[in-house]
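Please look over the structure below before reading on. The briefing that follows takes it topic by topic.

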Amino acid sequence: MTLRVNGSCRFRFPVPDYEAAFPWLDSPPKWRLGSSEAGSGVEDGVWHCPHEAYGDRDRCLFHLDPEERPPTDLANVSVRLVEAVEAANAESDPVVSRRRCQFVGAKFPRLDLEQRQIGGGSRETIDFRHAEFGAVVCRKTEFEQPVDFSGATFDPGAAPPATPGSDVLDPALERVDFGIDFSRATFSDFLDLKSALFRRPALFREAQFDRSVSAGHARFLGHASFLAADFDDLAMFNDALFRRDARFQAARFFDLADFKRAYFGGRVSFDRVLCEGDLEVDEADFVEPPPNGPVRSTPAFRGSVSADMATVTGRLSFDRTVVGGDVRIRDAELSRLQFKSPDTGGATGYVDLARSTVTRGTLGQPDGGGKAVYDLFRTTLGDVKFTGDPDELLFTRLRLLRTRYDGFDFTDDDAIDLSRVDNWIHRFDVDPMAIPCYCGDGPERAGRYIVDDAVCPRHDREADHSALQATYAYAKNGADAAGDNVTAGALFYREMRFHRAEYLDNALYGDSEVGVLGRLRDGSRWARSWLLAASTGYGELPYRVVVTSLALICGFGYLYWNRSGLAGELGPLEALTFSFQSFISFVLGPPGTTTLTQEITSAVEGFIGAFLIALFVFTFTRRIHR
């Protein structure tokens, strides 16, 4: 038989029908009341309070209705709580100690444990399951043993309006009234927040979590801030609901940070996060709230996520995530990034990876309709794969602009195909209005925990000639490093074409400060560059040397045949033969059979021919080496 260890408090808490009370759970929760182990306090489907009644009342101080509590102890409930936990820890019988630490269904209109230490010297859990809390002030509080808030309700008053949440870009969040305050609190042991309901904004700023945090199915209806929090163990927020903004800026995750299947109705920020394990946001939803639970239907509001300046040494995963707005992961250091089968709801999803370094990863496209756009402005790509429908022209969904490569292979077996775009990798073809504008994100440029230079992707990332030169130069270097010499040659050719375009642009529309001479110099550079491209393909196309040579032979042959004073006695075939001989060997015939003009013309052709032969040897050898 289960040991009762009941006190004189007459409070009884019927074990809920968990399937009806928590319809969003797939199965009855493991934290539910009703366990048969010794010290559970449950008999015949009812939990019995283990504490003594207060004075002449029939309930203990923790279970009295707030209006029934004497004025003298109305403000001392928190003190009595600390004393009750200390007394429970002093019990020699572990079952008795476990029972005395239970405060199931208790009511705390105000829990004020600021700068206090609660618990210690025991491994028993301080059990607040199904408790109701009003205002919570636990700044700098130290919880020295496990705490279980599973199924608890923080602020049992009316739920906040169901209007869409608005971003709070101030990193200090000073404009939010946090009625639930655990800032700088220390949780030295396990913390359970499973299925807890926070009706008002909750603040865990700079909190310290020494052991794992379980917040599966927790529901935050107001803003939630874990700014600069420190998670030394597992951080489990799987299936959690964040109705408005969720802030994890500058938080440190020592192990797994699990946000799988979570819903974010506002903006979730992982800016400057340091995660030494995996950060998983798989199957999360930024569009539609869960069908069940205390969240009323609202007008369409699409949440967004940012991880600017984050460092993730494990895996940052957004597999099968429902993305309604934009995803910003700028200036980040990522060991592995996963974006497999994102769901954009048939629209265009935008992922901004500007200036980030991605060592490994997979960037995919939606399985159904819609498309995912990846902005790789100044991004460094390592062993990254692009997946999607091979019939789609995926290069048009990639903004490769000043992108660097460190181990990336253009010819790897993925969904991008250079041959389909003829090695023109900058063919980014996306409706500008589908690209978000950051120009209105004023506070984002100055916050301590937020990226300092947003660089609006719609306005500040122009693909001018200089940017495209750098784009193809970096791509060429990356292909060289990967041993893909053929692709490197093709990219070098396109790099030089943008050099030539810049020369022409400077010659026609150059700055007035360079003057006429400067424009003439740029015009000369353009002409020389064009001649080199036409004759040799910048050393990458040997066949152009052959074509140029044949054109030159035919041109001089025409002169020999149809120009008086040169070789009027020659027929067309003889003139062509004579031109070919002059091209390769300066053959002029015996003395006295040629005119001075013919000798000069033949010498010019022979000089040009020798030069073109040398160019052919050079380009052919260069091509073979590639």
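**Annotated spans**

Residues 541-561 are 95% helix and 0% strand, with end C-alpha atoms 31 Å apart. Helices (H or I, at least four residues) and strands (E, at least two) are DSSP runs, numbered from the N terminus. This is a predicted model, in which local features need pLDDT of at least 70 and side-chain atom pairs count only at pLDDT 80 or more, while totals for chains, interfaces and linings use all residues. Residues are numbered from 1 along each chain as its sequence is written, and side-chain values use heavy atoms, leaving out hydrogens and water.

- The unreviewed UniProt entry lists residues 541-561, 570-588 and 600-620 as "transmembrane region"; UniProt positions follow the numbering used here, feature names are shortened, and annotations may be inferred rather than shown by experiment.

**Helix α6**

- Buried residues of α6 include L491, F492, Y493 and F498 (buried means under 20% relative accessible area, exposed over 50%, partly exposed in between; 1.4 Å probe, protein chains only).

**Three-stranded sheet**

- An open sheet of 3 strands runs in the order β1-β3-β2 with antiparallel pairing (two strands pair if DSSP finds at least two bridges between them).
- β1 (12-14) and β2 (42-43) are the edge strands, each with a single partner, so one side of each has no neighbour in the sheet.
- β1 and β3 (residues 46-48) pair over 3 bridges, and R12 has H48 in β3 as its bridge partner.

**Residue L227**

- L227 sits in the loop between β19 (224-225) and β20 (230-231), and is buried at a relative accessible area of 1%.
- L227 and A207 are 20 residues apart in sequence and 8.3 Å apart in space, C-alpha to C-alpha.
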